[in-house]
4 protein chains.
Amino acid sequence: MSSIVGENIKVSVFGQSHSKAIGVVIDGLPAGLTIDMEELKAFMKRRAPGGKAYATARKEADVPEFLSGLVENTTCGAPLCAVIHNKDTRSSDYENLKNIPRPGHADYPAQIKFQGFQDVAGGGHFSGRLTAPLCVAGNICMQALRERGIQVAAHIYRIAHVQDRPANLTDLTQAELLKVREKEFPVLEDEKGEKMRQAIAQAKDELDSVGGIIECVITGVPAGVGSPMFAGVENRLAAAAFGVPAVKGIEFGNGFGCANLRGSQNNDSYEIQEGRVVTKTNHSGGVLGGISTGMPIVFRVAIKPTSSIAQEQDSIRMREMENAKLVVKGRHDPCIVPRAVPCVEAVAALTIYDMLCC
Amino acid sequence: MSSIVGENIKVSVFGQSHSKAIGVVIDGLPAGLTIDMEELKAFMKRRAPGGKAYATARKEADVPEFLSGLVENTTCGAPLCAVIHNKDTRSSDYENLKNIPRPGHADYPAQIKFQGFQDVAGGGHFSGRLTAPLCVAGNICMQALRERGIQVAAHIYRIAHVQDRPANLTDLTQAELLKVREKEFPVLEDEKGEKMRQAIAQAKDELDSVGGIIECVITGVPAGVGSPMFAGVENRLAAAAFGVPAVKGIEFGNGFGCANLRGSQNNDSYEIQEGRVVTKTNHSGGVLGGISTGMPIVFRVAIKPTSSIAQEQDSIRMREMENAKLVVKGRHDPCIVPRAVPCVEAVAALTIYDMLCC
Amino acid sequence: MSSIVGENIKVSVFGQSHSKAIGVVIDGLPAGLTIDMEELKAFMKRRAPGGKAYATARKEADVPEFLSGLVENTTCGAPLCAVIHNKDTRSSDYENLKNIPRPGHADYPAQIKFQGFQDVAGGGHFSGRLTAPLCVAGNICMQALRERGIQVAAHIYRIAHVQDRPANLTDLTQAELLKVREKEFPVLEDEKGEKMRQAIAQAKDELDSVGGIIECVITGVPAGVGSPMFAGVENRLAAAAFGVPAVKGIEFGNGFGCANLRGSQNNDSYEIQEGRVVTKTNHSGGVLGGISTGMPIVFRVAIKPTSSIAQEQDSIRMREMENAKLVVKGRHDPCIVPRAVPCVEAVAALTIYDMLCC
Amino acid sequence: MSSIVGENIKVSVFGQSHSKAIGVVIDGLPAGLTIDMEELKAFMKRRAPGGKAYATARKEADVPEFLSGLVENTTCGAPLCAVIHNKDTRSSDYENLKNIPRPGHADYPAQIKFQGFQDVAGGGHFSGRLTAPLCVAGNICMQALRERGIQVAAHIYRIAHVQDRPANLTDLTQAELLKVREKEFPVLEDEKGEKMRQAIAQAKDELDSVGGIIECVITGVPAGVGSPMFAGVENRLAAAAFGVPAVKGIEFGNGFGCANLRGSQNNDSYEIQEGRVVTKTNHSGGVLGGISTGMPIVFRVAIKPTSSIAQEQDSIRMREMENAKLVVKGRHDPCIVPRAVPCVEAVAALTIYDMLCC
C-alpha cells in the first residue's frame, strides 16, 4: 500500500468510506502560507455530492477540521493534518460484497491482497470518498501556486458521445478557463453540457452509468520544470492522476491523436512573441523531454463509467467458488465525471507544486 | 533530474548520445539470477537500428559490457552495472542546435533548465539512444519474470491510419503473443504490418515522420499485486512508460474508449473457469483499484511522430531572440514505433518485477 | 520537513505540542494484524509523564483514537491513522520565545528556517510530545514483530555518572530483558537505578537537568536482514533514532569503544552451538557489513540533558539583535532519559519491522 | 540492497573489489559545475593505499574515467558516471572464505542473504575499495560546496589510546582545519600523530589491527538547513556515515559525553558577535532540532579495528557445520582510520550538498 504521493511535499491520504474519519497529512509545506478557508470550502463543494442529479444521495458536509500544521490559518512548517468526519454511513448496504465481488470494482483483487481483512463498507479505502482529503491538499497547493502565477483548471471534455470544445487547440484565455471552474457543470460550451446531463439522466433511467474524459490545463508554469526520463512532468502527473479512482488513461497534448499525425503536423514551431519565446501551437501539451516548455500544460484523463450499477450482473461466490448473480445496493453516482473534475485539478496542483518546491 | 526508476529494484540510467558510454546500474536485484546472454543480445537487436529501412543510419552494436554485479553471468547481489560504449558519433551535426531549438525536441526547455550547459550532441541525455541501457535492465527483469511464469510482449497497435488487431479484446493466446516478439516488424496481422511500412516509407519520402500506438500485454501476474491510490499497477507503469522518449499517453484496458461506454458494457463479469476466478472480458486491462486482477495486464502507449524531420521548420535564435528557419541535420528514424516496442516491454518488465520484489 | 520514516511501512507523524491533536499515519501495514489495545495502553503509559518525579507536571492521558485503518482492532490494509487530542496546554508560557531563543533548543534555527511562522507554543513540532504518536506506531510494530519471535527491549544504560550493567557484554537472557521493560524505572540493577534517581533529583534541586545513555537490544532478528552501504541495519536504525528529540549519538556493539581495541579483541569468533551458527561474543552488536548476523542487535543512544532549565541563561533578542537574559518557563523534565526508553524501543521496532516487510 | 544515497542528488555506487570496475553514478547534479580534476586526483590520493606503512600492499591508481555527465569537465545536467578499473587483483587469496567466514567480516551474513551467490573475492561489494567511487562523488560535492563557502575537513581524533586535540571545543580556525587535510597523516598535533603511527606499527608487528575515531567539521553551513524528526542534519549524516565500512558509531557535538553533563553545561548560550547570532560554545555540534544553527557542524565516527588480521582465529565450516580454525590471507590495512578520513569527508559533503540542493 502506498497512499502517499509527492517527493518534497508528501501527501498521505488515510481513511475508509465508513471509518470514523478520512483525512490527509501534508508534510513539507513551506511555512507562512495563509489558507483562504472560504476558497477551500468552495472548492470542496465542487466535489461534494449534495443534491446534484448525477451524484450519490449520500450527504456529507466535507468541511475539514485542521488538527495540526496551522497557526491562525497560516502554515507553520509542521506537517498539516486535516480530517473529515464520516457521518452519513449505511454499512449494512455492503455486507454481502465480501463474498460476491462487484464487477468493475476492486472487491476481488482486494480480497486476494488483503486476505479478507479489507474494510468492505462503502468501498473502504477504494471509495471515491477518499478524493475529499485529496481535494483539501490539492486546493492548498492551488492557493500556493496562484501566488506564483500558476492556475489549474479542468473541464468536462467528454461524456458518452458528447464532446466539449477542446482547451488545447483553441486560443482559450486563462480567464475563460477560470470561469469554467465556477460553473456547477464545468464545460466550455453549455449546450454541450446540457446534452451531457441528458446522457447521464438516460443512463440512470436505464439503471446504468456513463464514462467520460476530463481535460486539465495548467497555466503559468515557467519553462524548465521537470526532468528527462523518470522525473518528468508527464511521469509525475500520470503517477498522481491514476490515484483518482476510475482513471484509466492519461494523455498530454495531442496524446493518442499523435498516431495519426505527421511530425510536420505535430511539431510546435517556435517564435518570438512580445520578447518571449512561445510555440505557435501547443500539440506537445506544454512538455518536451519531460520538461515544461512555458506553454500551458494540457492533459486529459479517461474516466470509466461508474462500476456500481443497479442492473443485475454476473459474479461469483468466492467461498463457494460458484457463479452467482449480483445486484449492487448502496448509493452511487450514475456518472462521476463532473465530481472528478476538481479531483483532477487537485492532483495536478499537488504534483506541480511538489515539482516547484524541489 | 532523476533518471532513476523503481522502489525495490532501482534502475539508474546514465549517458548521453555522444558521451564515452551509456549504461545502467541496477541496485537491488536478488542474488542467484543467471542471465542468458544470448537472449539479452537478441532482445537488444530488436531495438538496434542496424539496417532497418525505418531506422537511423547510425550503427551501434549495443552489446553491453558488465562492469559489476555478476559472477560468471549470475547476479551476486551487488549492484549490476552494464555499459555500452558509443562509437559511431558525429557530433558536428548538432552544433547549431544550442541556439536554434528543434521544434518538438527538448532543446528549448533543456536550454532553460540546464542554462546552456546541456550536452546537445546527438540529443544528449534526451536521445532515444538512452533506451538501450533501459532495454538491458528490462530484459534482465524479463528473464527473472519468466521464471515466475510472467511474460511481457508488445506489438505495434497502430501506425498512421493502419491498425493491428487489438490484443485486449481477442482470445489471443500467450503463445501467439510471444511469437509476435520474434517478428522483425512486430504486428499480429502481417498484412497490416505491410501497410504500416508503406506509411512509414511514404512519410520518409516526403521528408516527414509518423507516430503510432504500441500495445503491451503482461500475462501471468497473479491477482493482488499493487495498491490503491498512488502505488497501483497503473500509477507505476505510467510513471515508467513516460520514461521512454516520445510517449505522450498511456491507457489501460478500454482506456479512453471508456468515455463512450456504459457501466454495463465496461464492467467485467466474474465467473469460475476450471476452478479459477476469471473475468469473461478484460475491459479493465487486468487492474482494478490499482491491484492486478489475475487477468492479463493490457496497456497502450501513444508514440508521437519523430520530431526530427528533414523539412525546413520555423524556429528562433535564442541568443538574438529573433525568428529563424531550421533544417535539422543528423540521422533520424522516420518512425520510432517499431524500435520502441522492446523499450515498452522493458519498462513494463522493470515495473512489474519491481512490484513483485517488494 | 520530513516527519516521515520508513521505506515499506511509512510512518508519518504530525502535530504540535499545543495543536488540536497530534497523531500518526502508518501506510503499508499488512492486513490482518490484530492490535492488543491493552498492551498499547500499557506501552503508552511508560512514556507518559503522569506523576513521575523526573517528569513534567503536564498531564495527558495519551490514549490514541483510531480514525482509520482498523476494523474491530484488526488492520484492514488501509492506512492507519491514530490521533491523540491535546488537552492540558498552557500556551501563554511560551510567548516570549519567538524573540528570545532558548539555549539548547531549536528555537533559533526554527526561526530562521520557518521565518517566524513556526508554532512556538510548547515547542511546537519539536516537542518531545511528538514521541507519543511515534510510540503508538512503534508498539503496533512491536506487536507484529513479536509474532515473528522478535523482541525489542531497552534500558537506561547511564544517567549522569551512574552506569547500569551493559546488556551487550553479558549473558543476559531475553526473559531478563523483557522484565526490565515492566519496571517503572527500567534498569537492570535497581540499586543503580536508585542512584540515577538521586542524580536526577539533585539536578532538579539545582534548577538543572542531566543526560544519559539508553541501550536497546533487539532479539530474534534472523541473519541476513539489511544491506551493505546505505540500507544497512545501522544506517536505518541511526536515521530513525535521531528522530527522537535530544538524541546526539548512536553506536552499535562496541561502538566508540572500538577505538581502544585490537582486531583480535573486537572480532567475534564463530562457533556451532546446538546446530546453529553463533558468535562467541557480540562486539559487533549483531550487524556486520550492514547485515544482521542473527545475534541480538545492540545499540546505544546518547541523550542530552534537557535544555529547558530553570536557571537564568544568556540569550539574545532576535528582533533587536542584542544580548539578553532568559529564564525558561513551562513544565519540563529534569531528565528525559527514562521517558525516552520506550521511544527508542519504538523507533527500533518501526525500523526493523519496516526492513522485514520489504 | 541499496547502495544509493541521497534525496535530490542520488549517488549510486557499484562494483566489487575484484570486478572489472567499480564506480558511481550521480543523478541530480546541477548543470554548469566545473570539476577541478587536479583537486579530485589529489583527494583520491589521500584515500589510496599507495606505499603507506599502515595500508594494504595492493596498488591501484584510482584515477576515475568519466563515462557521462560532463562536457569538457563541466556537468551538463545528465547523470554523471565515473568508473575506476580494477587492476591489481589476486582473487585466489579468497577462495576458502565462502565456507569459512572471517570473524568481524560480512562473510557469514552475506552468505545467508545472498545464498552463496555473493562475490567473495576481495570482499566483493563489502570491500573498503568501494569507498573510492564514494570519494569521487564526495569530492565533486565538496568542490560545489566550496563555491557556497562551505568547507568539509576531518582529522584523526583517536587511534588506540592516543587522542588528538578535539576540533569541537577549541577556537580552531577554518584555515587550520583545511591545513590538516594536506597532511599525509591528518592530525592537528603531529606528535600525537607520531604516537598513533607507533600504535599502528606495533599492532601490525603483533599480527593485529587497531581502531580509532575520526572527527569531521563542516564550516559555513547557514542556519536553517535540515528538518525536525527524520530529515534532520543528524539523521541524514548518520545514515550516510554508516555507509563507510567499519563505522560503528556516530555522535554530534558533545555526543555520548552528554551523559555526564548538566543542561547548564551542555546548552550553548547565544550572543551577538559582529552583528551575527552565534553561540558562545558549540556543544550541540551545530545542530538543534535537526536544523543547522549556523555554527560548525561537528561529528565523530567510531571506526572498528580492521577485522582481517593475520592471527589464527576461531571460525566454522558452514557446509560441514563444524568448528574450524582460520588464517586470513590477502593484503589488509593494520588500521584503516587514516584512509577513512577522506571517506568521512566524502559522505559529509554528499549529504550536506544533497540537503542544500532541495
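**Labels and the values behind them**

Author: Gladly. Let us start with Lys183(D), which has a relative accessible area of 27% and is therefore partly exposed. Please keep in mind that this is a predicted model.

Reader: What makes Lys183(D) and Asp190(D) a salt bridge?

Author: Their side chains meet with N and O 3.0 Å apart, and the cut-off is 4 Å, so the pair qualifies. In chain A, salt bridges with shared partners link Arg165(A), Glu176(A), Glu189(A) and Lys192(A) into one network.

Reader: How many salt bridges does the structure hold over all chains?

Author: There are 88. One of them joins Arg129(C) and Asp62(C), at 3.1 Å from N to O. Arg129(C) sits in the loop between α2 and α3 of chain C and Asp62(C) in the loop between α1 and β4, so the pair ties together parts 67 residues apart in sequence.

Reader: Why are Arg129(C) and Asp62(C) called buried?

Author: Buried means under 20% relative accessible area. Arg129(C) has 7% and Asp62(C) has 3%, so both labels follow.

Reader: What makes Arg236(C) and Asp354(C) a salt bridge, and which parts does the pair tie together?

Author: Their N to O distance is 2.3 Å, which is within the 4 Å limit. Arg236(C) belongs to helix α6 and Asp354(C) to helix α8 of chain C, so parts 118 residues apart in sequence are tied together. Arg236(C) is buried at 18%, and Asp354(C) is buried at 1%.

Reader: What makes β8(C) and β10(C) a pair?

Author: Pairing needs at least two bridges; these two strands have eight, in the antiparallel sense, so they pass. Gln151(C) stands opposite Thr219(C). Strand β16(C) also runs antiparallel to β10(C), with seven bridges, and Val301(C) there is the bridge partner of Ile214(C).

Reader: What makes the link between Asn86(B) and Arg129(B) a polar contact?

Author: Their side chains come to 2.6 Å, and the limit for a pair of N or O atoms is 3.5 Å. Asn86(B) lies in the loop between β7 and α2 of chain B and is buried, at 11% relative accessibility.

Reader: Why is Met229(B) worth a look?

Author: Its phi is positive, about 70 degrees, although Met229(B) is not a glycine. Most residues other than glycine have a negative phi. Met229(B) is in the loop between β10 and α6 of chain B, and at 8% it is buried.

Reader: How many salt bridges cross the interface of chain B and chain A?

Author: Eight. Glu234(B) and Lys248(A) form a salt bridge at 2.7 Å. Strand β11 of chain A also pairs antiparallel with strand β11 of chain B over three bridges, where Gly249(B) is the partner of Glu251(A). The area buried between the chains is about 7800 Å², with 63% from carbon and sulfur atoms.

Key. Residues numbered from 1 in each chain as written. Chains lettered and ligands numbered in written order. Predicted model: local features only at pLDDT ≥ 70, side-chain atom pairs only at ≥ 80, totals over all residues. Heavy atoms only, no water. Helix = DSSP H or I, 4+ residues; strand = E, 2+ residues; numbered from the N terminus. Buried < 20%, exposed > 50% of the residue type's maximum accessible area, 1.4 Å probe, protein only. Polar contact = N/O pair within 3.5 Å; in protein donor to acceptor, adjacent residues only side chain to side chain. Buried area = accessible area lost by both parts, 1.4 Å probe.
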